[in-house]
Amino acid sequence: MSYAYFPGCGSTGTGRPYEESLVAVFQALGSGLDAIDDWNCCGATAYPTIDPAQATALCARNFALAERAHPEAKQLDVVAPCAGCYRALLKAEKAMAEGGVLAERVSNALGTAGLSYDGRAQPRHPLDVLVNDIGLEAIAAATVRPLQGLRVACYYGCLLVRPYAPFDDPYEPTSMERLFRAMGAEPIDWPLRTRCCGGSCYCGGPIVGALPEATLDLSHTLLEDAKKRGADVVVTTCPLCQFNLEGFQSQMARTFGARLDVTVGFFSQLLGLALGIEDRKLGIQRMFRWKLPEQSPKDHLTKESKEKVVVDA
Amino acid sequence: MPNAGPVKVGVYVCHCGLNIASKVDVSQMVAYAATLPGVSVAREYKFMCADPGQELIQQDIKDGLVDRVVVASCSPLMHEATFRRATSAGGISPFLFQMANIREDVAWVTDDRDAATEKAKALVGGAVRRVSEHESFERRYVPVHPEVLVVGGGIAGIHAALVMAEAGKHVYLVEKEATIGGHMARFDKTFPTLDCSACILTPKMSSVRANPNITLWTYSDVESVSGFSGDFVVRVRRRPRYVNEDLCTGCLSCIDACIYKRGRTDDPWNEGLSKRRPIYMAFPQATPSVVVVDPEACVDFRTHKCPRPCVDACERNAMDFDQKPRIEQIKVGAIILATGFHTFDARRIPAYGYDRYPGVYTSLEVERLLNASGPTNGELVMRDGSHPRRVAIVHCVGSRDANTNAYCSRVCCMYSLKLAHLVRERSGAEVTEFYIDLRTPGKGYEEFYEKIQKEGTRFVRGRVAQVTEEDGALVVHATDTILGKVRRVPVDMVILAVGMEPQPDAEDVRRLFNIGCGAEGFFTERHPKLAPVSTFTDGIFLAGACQGPKDIPDTVAQAGAAAAEVLAMVDRGSVEIEPATAFIDAAVCSGCRTCVGMCPFSAISFDAATNVATVNEVLCKGCGTCVAACPSGAAQQRLFTDAEIFAELEGLLYA
Amino acid sequence: MTDYMEYSPHVLNALRLGGDYEEALISRAIWACTSCYACTLYCPKKIPITDAIYTLKRAAMQAGVYPKHFVTPTLVREFAHFVHESGRNSEAWMSIRLYLKTRPSQLLRYGPLGLRLVLRGRMSLRRERIHRPDELRRVLDALEVNAGGRP
């Protein structure tokens, strides 16, 4: 089963390990990710600040291109790993489905370039696809190196669950926790897991942000809390969130005192490790910091340990 | 059946002051009406519904000028009854009358005068043609059985029952819990007087028990209701308490004797804050003063090995483990539903931390803590045994929110103020209330608010966003909208002012009694302003929170009102049946039974022997569904026959 | 982010409704919004607050009124510039242009971080481009009515 794939501008930059690990994971589970030919930027949170119609059109072009490549598919899932892209694509899809003046203008604009969007393309997040399509049982069965009680802090951030929450509860999401529990990890109870880290184009993190002190504070609060709750690693679903949480820990130490030294990765990287994929394929060498607690070597899953892996339906 | 012979239609066009006359040219209408075939008299008057207006109609009939009446005025909902009475007072059948609505349907909704007048003329034309087809029938009545049923023994049910019993009527009061008293029996004090809730309630509860006109069945449910207004047949299932109610004196020796010296199951009376034993009495003033055995908790029901010390301890031999459920069948003329409310489940708002942090409570839980006969004997002690020094009260939990319940729950502001007072008085803790608005509309309510402010309770105007835990304290996050700043207030205890919701089984109950409920689940009254205690099902009335959130004064008032309307019905002795009911022409009926299942009021029965369906005219509400569905045209409706409808259409379009 | 806003979201809404539109436009508050949508989710009246703030941001950009020291509108413009020209965003080039236009000293400050990213393959120095940027430009230009911000 192959999915249409929208990499997003982060995939060649800070989100490169995300893409690498996601592709590897999907491959290991028997699915493919086919990048949309000539995909363009989704507009993120910047284009809605310019013009909502243009923001919609940017996403609609990607849908149109995906549909053109799959004329026979009645419904076309477009997998978008970056939560920012995911939200932008969802918003565009809803705006087009609603009909109305904006949808008409965008349709006409697409038409001037010979493109059309029929509504067959639907954005989906890889977390959704993994948990709900491929399924926890298949993933548990494919787990080769169970995570052995690793305490994972699952960070959803904002745009994955707000304002649209098509596949999980926006207040108390559990998809990632269920996923990692199926691989033998012990996700921590983390009420702050949907709180903003400040990484979007707005705050843009300390790098391009207008309020660096705000962003630093938001991210620091999250990491400090995760650490206090005993997390061994924080996993994310968005390149901006991941970089924001990982990249400024020394600055946080200077501003707030204590060193945090928290490993922050992409959820697909940890998933890949459990599936037995080697580090390089998951882009682990690209991370600034990667230190997981010692896991006892277990290359092969025995029958007993397979049974210990809990599938939380 | 069309009427043979010429008719003499009187047309009366009302000005309704300026309501109609400002938009419709009444004189033109009268002139037009006079030209219509069959019209013998056409008049106009400023206020047809007033006595002189009605006199016009009566006089014309008495003078022999008119034998059919058309009034062009307001909506039939307003004055159809008035004009039918006037017609009847003139000496002919009240149903030889038709109304044309030229106010709500024309004057109030049309901009252009000419268009309005044309439309009004068409409506009158339709009414004139139609009324010519009307048949003359008389009003019909059925007798009302003089006994009454009240479902629900909270303050609403208790008050209604007492009023009716005092009037000499026999009342059955059915309550599903083992004791009457409802929620009010569980409160500590009531606003704004700060009366002890049980102290003002228990005398009424005793009166219920003592009153010879009231048959009190507790621990009972209504199982089925059939029949119709004036003649309901109700089956009540009385659940077994395993104690003979007539013998038990409430001495409680059996409870002392029980092999379980400590509670085993969550006590719902205390909102799960304590445990109760398998044999129990809800609270010391339970009425009836009879213990109950919980078959789920009592070990004897599972193992049959318990030595049953309770049986030995009872001096009156009242224990009866062989007790079975009993079905009582009663006949009543009217029913009052007073089934009360349920509190909003605070787990639906995870941001407030209920069920996650032990320091977060609902208001009802705190009422039990403050109550002297509650789990902590009236002391404000938390689950972990500590005494809170700082308390936050969060308003509007589950209310005024599109995500949960959109309506305002009406009582929470007042009870929150009350709880602030009681908490400070009882424990000396500092109280901060987080509110959006402070709704204090009743008598003495605003003054109560001022009193609470003066006592030193703090107020922050801002909806609480979330409750978190930091460094061992609960932190309440809210924007102080007056200051324009976000406040993060650390406290020891958070009290959530949960709203009122319908009972979880409200949907089942409403089906049982054949009444409607609104989108939020509260039972629907006949008219929100002018008929707040009756329903669209004749003979069934509402009282208390089951009809919508309200406080105790309003509940008692409504209960009294419902009792009064029931008394009016019972004392009148009969109810009129609506004439526009359906009937089935047996000769034409083919026995297909299409109508039987379609009837929303279960008013049609089928006789397999004769292969004919029949409409129960008392249950029939004249909705017309069966008439439309009948493939053979056997089902017809009085006052809405094909001839009448087609005549009206002709009059509208061609007259 | 309310702590960093001189007008909290509901005040911005009130300003917008009450006619004190300009005050909302020139505020710092609208730029502090990270568009996390928490307000929209929790609002009991289901007011689309985040989208309302986007409207204020757009209006502020069109009117050209925003606090001078705010980097964000410039970021938005740069972003749009890149997407309009090449169809994709080039993180490195965009950041560099942004710093040059607003706070050149940041280049020195974050240079090392940028280098670290490049060395680990997490920052591409290429100018990212799609094959048919003219196709995209045609679509965007067809919608160019009153779009604010693009240079």
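What pattern does chain C follow, read along the sequence? Chain C goes α-α-α-α-α-α-α-α-α. Keep in mind for every panel below that this is a predicted model.

**Figure 1. Chain C, helices from end to end.** Here chain C is shown by itself, with nine helices and zero strands. Its C-alpha atoms fill a box of roughly 50 × 40 × 30 Å along the principal axes.

**Figure 2. Helices α1(C) and α5(C) cross inside chain C.** Helix α1 of chain C covers residues 9-18, and helix α5 of chain C covers residues 49-63. Their axes come within 10 Å and cross at roughly 55 degrees, so α1(C) and α5(C) count as oblique to each other. The way α1(C) passes α5(C) is left-handed. On the α1(C) side you'll find P9(C), L12(C) and R16(C), and they meet I49(C), A52(C), I53(C) and L56(C) of α5(C). Sort that contact by class and you get six nonpolar residues, no polar ones and one charged.

Figure 3. Now we move to chain A, where α1 (residues 16-28) packs with α5 (residues 126-142). The angle is about 20 degrees and the axes are 12 Å apart. Angles under 35 degrees count as roughly parallel, and α1(A) and α5(A) therefore get that description. The crossing of α1(A) past α5(A) is left-handed. Look for Y18(A), L22(A), V25(A) and F26(A) from α1(A), with P126(A), V129(A) and L130(A) coming from α5(A). This contact has seven nonpolar residues, with no polar and no charged ones.

**Figure 4. Helices α2(A) and α4(A) pack at an oblique angle.** Another helix pair in chain A brings together α2 (residues 52-69) and α4 (residues 100-112). Their axes sit 9 Å apart, at an angle of about 55 degrees; α2(A) and α4(A) are therefore oblique to each other. This crossing is right-handed. From α2(A), the contact draws on P52(A), A53(A), T56(A), A57(A), A60(A) and R61(A). From α4(A), the partners are L102(A), R105(A), V106(A) and L110(A).

**Figure 5. A salt bridge links two strands of chain A.** In this view D77(A) pairs up with R124(A), and the closest N and O atoms are 3.0 Å apart. D77(A) sits in strand β3 (residues 76-79) and R124(A) in strand β4 (residues 121-124), so the pair ties together parts of chain A that are 47 residues apart in sequence.

**Figure 6. Chain A meets chain C.** Overall, 70 residues of chain A are in contact with 63 residues of chain C. The area buried between chain A and chain C is about 5,800 Å², with carbon and sulfur atoms giving 62% of it.

**Figure 7. Chain C meets chain B.** This contact takes 10 residues from chain C and 11 residues from chain B. Between them, chain C and chain B bury about 820 Å², 49% of it on carbon and sulfur atoms. Three names to find are D3(C), Y42(C) and P44(C), which supply 53% of the area that chain C buries against chain B, more than any other three residues. The salt bridge count between chain C and chain B is one. D3(C) turns up in a salt bridge with R488(B), their closest N and O atoms being 2.9 Å apart.

Figure 8. Most residues other than glycine have a negative phi, and most peptide bonds are trans. F191(B) and P192(B) are joined by a cis peptide bond, with omega about -10 degrees. You'll find P192(B) in the loop between β8 (189-190) and β9 (195-196) of chain B. Another cis peptide bond joins T287(B) and P288(B), with omega about 0 degrees, and P288(B) lies in the loop between β15 (279-280) and β16 (292-293) of chain B. Finally, N317(B) has a positive phi, near 55 degrees, and is not a glycine. N317(B) belongs to the loop between α10 (309-313) and β17 (326-332) of chain B.

Conventions. Residues are numbered from 1 along each chain as its sequence is written. Chains are lettered from A and ligands numbered from 1 in the order in which they are written. This is a predicted model: local features need pLDDT of at least 70, side-chain atom pairs count only at pLDDT 80 or more; totals for chains, interfaces and linings use all residues. Side-chain values use heavy atoms; hydrogens and water are left out. Axes are lines fitted to C-alpha atoms, for helices over the stretch in contact, and angles run from 0 to 180 degrees between N-to-C directions. Helices (H or I, at least four residues) and strands (E, at least two) are DSSP runs, numbered from the N terminus. Angles under 35 degrees count as roughly parallel, over 145 as roughly antiparallel, 65 to 115 as roughly perpendicular and the rest as oblique. A crossing is left-handed if the near helix is turned anticlockwise from the far one by less than a right angle, and right-handed if clockwise. Contact means heavy atoms within 4.5 Å. Ala, Val, Leu, Ile, Met, Phe, Trp, Tyr, Cys and Pro count as nonpolar, Asp, Glu, Lys and Arg as charged, and the others, Gly among them, as polar. Buried area is the accessible area (1.4 Å probe) that two parts lose on being put together, summed over both. A salt bridge is a side-chain nitrogen of Lys or Arg within 4 Å of a carboxyl oxygen of Asp or Glu.
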